[in-house]
Amino acid sequence: MQRDVGSVPLAPALRARLVSGGFQTVQELLETGPCGLSKEIGISKEEALEVLQVVRQECHGDAERAAARSGASRKCTALELLEEEQAQGFIITFCSALDNILGGGVQLTKITEVCGAPGVGKTQLCMQLAVDVQIPECFGGVAGEAVFIDTEGSFIVDRVVDIAAACVQHCHLIAEAHQEEDHLKALETFSVESILSHIYYFRCRDYIELLAQVYLLPDFLLEHSKVRLVVVDGIAFPFRHDFEDLSLRTRLLNGLAQQLIIIANDHKSAVVLTNQMTTRIGQSQSTLVPALGESWGHAATVRLIFHWDNSQRLATLYKSPSQKESTVPYHITSHGFRDVQPPAVTQHAEGAEMNPRKRPRREEEK
Amino acid sequence: MAAKKLRRAGLSQELCERLSRHQITTCQDFLCLSFLELMKVTGQSYYDVQKLLCKVSRACAPKMQTAYEMKLRKSVSPSSAFLSTTLHSLDKVLHGGVPCGSLTEITGPPGCGKTQFCIMTSVLATLPVSMGGLDGAVIYIDTESAFSAERLIEIAGNRFPTYFDSEEKLLCMTRSIHLYQELTCGSVLKRIMSLEEEIISKKVKLVIIDSIASVVRKEFDTKLQGNLIERSNFLARGASVLKYLAEEFSMPVILTNQITTSLSNGLAIQADRVSPADDLSLSE
């Protein structure tokens with residue numbers, strides 16, 4: 001294995017001594033043996049043995065890593081990826097128009113960014129998704145748990161209770177209409193209390209707490225392997241003030257984005273971030289653009305922009321690798337995130353009114 | 001949290017000394033460095049640096065709570081979740097009143113009653129809990145010199161004549177409203193930063209800032225280069241400290257704002273298209 005000595009993850013001082021001792025490839029190291037190494041470099045025999053063990057682990061690790069599932073160097077054909085993508089679930093938003101333009105809902109293993117002016121509904125969507133990710137599989141959900149990282153303090157438990165109650169009621173009505181066994185069984189464990197106890201909430205007050213939490217997130221997700229959604233509500237807020245050094249900010253944000261992409265892929269979960277809007281002053285007019293700059297725009301795979309048009313809330317799919325750019329209206333009711341109801345709506349029982357909100361997939365189960 | 005010294009994060013003494021030689025003493029300095037820099041500075045291998053990073057992160061990271069635990073905690077003391085405004089329809093729309101633990105912004109054109117609302121809520125906050133108040137002191141930061149103590153007494157006397165039946169009670173109420181007149185952005189920010197100790201010592205249950213827009217508009221002109229960034233910095237810093245105080249002490253914080261005309265498509269729109277003067281980042 002003609003690997004260079006400088007690329008082995010040893011302590012820098014040790015590495016420097018090996019290089020100055022004339023060793024260039026790991027093969028030379030392995031040939032010398034621990035006693036010879038300790039004599040030539042001037043380190044103790046135990047240290048030399050450690051070095052050789054690390055080197056051997058690295059060489060074997062290289063061969064294994066190519067076949068390993070996790071890690072950045074994943075290899076598979078596009079066909080395998082297609083099969084994976086088709087079998088993957090989506091997290092619905094309960095607004096079927098929005099689900100349609102997203103291609104079924106919020107995708108797992110991707111980062112979705114939601115930008116918008118204050119008050120337009122970003123946190124409402126995040127709370128709705130934290131509830132919807134827990135919908136059991138027989139109702140068309142992914143049956144996962146949610147991690148909610150809050151930097152702005154806009155998470156209100158009472159609102160989540162309302163949204164969860166509406167979601168549970170919706171599932172009850174579907175179960176009544178279909179009368180299938182697994183529906184009723186799933187409903188036994190799907191209640192407002194269970195929904196609330198599976199939303200893991202972290203309140204980060206500044207960017208250091210946010211960085212620390214994201215470093216610790218992989219370990220947390222290993223313990224709670226059912227998590228399928230990570231929401232960071234307000235990724236812009238801690239980074240928008242107190243930053244004289246903009247290059248540090250860009251570096252930290254890029255690092256954060258990378259870690260979130262790794263988390264999304266390794267744990268097959270969706271990552272949803274909310275961003276603020278800022279004014280860009282042009283020559284003659286000022287426009288509203290997402291905050292955190294141009295380079296941050298590359299971090300998210302899917303970008304949604306929420307905005308107002310008179311008094312109607314609109315959602316625009318701004319960036320997506322697979323869907324077309326389009327705009328749909330949405331509504332925020334006391335039950336949560338919903339479609340805009342068409343004007344001629346009949347006052348039948350709740351069951352009949354539900355049909356426009358149902359996802360196309362669920363209708364196939366009928 | 002970020003300024004926590006590395007020594008208290010559980011790192012060994014010699015490692016802390018080595019890091020302090022490179023001017024890295026707090027968790028913030030440690031977490032802002034990249035992996036390679038950390039390896040160089042600590043002199044340790046890749047895997048050891050990862051473990052160190054986890055250790056330091058654990059010292060800074062917030063505690064986890066499930067939404068269910070939060071709900072249980074709230075349901076234990078439901079009455080302390082809101083400050084009722086005593087205006088029934090407003091309370092109904094707000095689901096109980098001005099929420100404790102978050103910032104509330106009151107905005108409107110001049111003369112519509114924002115300062116009057118603030119004066120009234122100050123009276124309400126000093127009332128005992130049985131009457132719907134918070135039984136505590138009030139910190140009132142006044143930037144427009146619009147606070148009138150006589151009006152305060154007038155409102156208290158007319159609104160709650162049975163409670164404020166004696167001169168003594170009125171004076172006691174006025175003694176618990178602490179007024180600060182700040183006329184510049186810098187002094188407002190300094191005042192906000194120093195509020196934490198005052199809140200504890202004076203048993204404050206409500207903070208009012210009337211109005212944040214007037215100092216900002218006096219000092220920052222958004223047409224000038226760089227002023228927009230400085231203005232957002234100032235507002236964001238103030239907002240984050242106020243949010244922290246509101247959450248930490250579970251008390252309402254009320255801010256008042258002014259309005260201006262928003263110019264859309266280059267035309268000045270008349271009164272029905274006004275929007276708050278403040279930068280978007282504050283209303284978050």
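Reply: Contact here means heavy atoms within 4.5 Å. By that rule, 44 residues of chain B are in contact with 47 residues of chain A. Keep in mind that the model is predicted.

Start with the area. The size of an interface is often given as the accessible area lost when the parts come together. For chain B and chain A, about 4,100 Å² is buried between them, and 65% of this lies on carbon and sulfur atoms.

The rule for salt bridges finds 2 of them across the interface of chain B and chain A. In one salt bridge, the side chain of B:Glu247 meets that of A:Arg203, with 2.8 Å from N to O.

Which elements of chain B supply at least two residues each to the side that touches chain A? They are helix 2 (27–31), helix 3 (35–42), helix 4 (46–60), strand 1 (65–66), helix 5 (67–76) and helix 13 (227–249). Helix 13 of chain B gives the most, with 9 residues. Sorted by class, the side of chain B that touches chain A has 21 nonpolar, 12 polar and 11 charged residues.

The chain is divided into domain 1, covering 6–60, and domain 2, covering 74–276. Taken over C-alpha atoms, the centres of these two domains of chain B are 43 Å apart.

Now look at strand 1 of chain B, which pairs with a strand of the other chain. Strand 5 of chain A (residues 199–203) is joined to strand 1 of chain B by 2 bridges, and the two strands run antiparallel. A:Tyr201 has B:Gln65 as its bridge partner, while A:Tyr200 stands opposite B:Thr66.

Strand 11 (residues 312–319) and strand 12 (residues 327–333) of chain A pair in the antiparallel sense over 4 bridges. A:Arg313 has A:Tyr330, in strand 12 of chain A, as its bridge partner. Strand 12 of chain A is in turn joined to strand 13 of chain A by 3 bridges, and these strands also run antiparallel. A:His331 stands opposite A:Arg338 in strand 13. A hairpin connects strand 12 of chain A to strand 13 of chain A through 2 residues.

Two backbone details in chain B complete the picture. Most residues other than glycine have a negative phi, and most peptide bonds are trans. B:Asp210 and B:Ser211 are joined by a cis peptide bond, with omega about -15 degrees. B:Ser211 is found in the loop between strand 7 (204–210) and helix 12 (212–219) of chain B. B:Ser145 is not a glycine, yet has a positive phi of about 55 degrees. B:Ser145 lies in the loop between strand 5 (137–142) and helix 8 (149–159) of chain B.

Definitions and conventions:
Residues are numbered from 1 along each chain as its sequence is written. Chains are lettered from A and ligands numbered from 1 in the order in which they are written. This is a predicted model: local features need pLDDT of at least 70, side-chain atom pairs count only at pLDDT 80 or more; totals for chains, interfaces and linings use all residues. Side-chain values use heavy atoms; hydrogens and water are left out. Domain bounds come from an automatic or database domain assignment. Buried area is the accessible area (1.4 Å probe) that two parts lose on being put together, summed over both. A salt bridge is a side-chain nitrogen of Lys or Arg within 4 Å of a carboxyl oxygen of Asp or Glu. Ala, Val, Leu, Ile, Met, Phe, Trp, Tyr, Cys and Pro count as nonpolar, Asp, Glu, Lys and Arg as charged, and the others, Gly among them, as polar. Two strands pair if DSSP finds at least two bridges between them.
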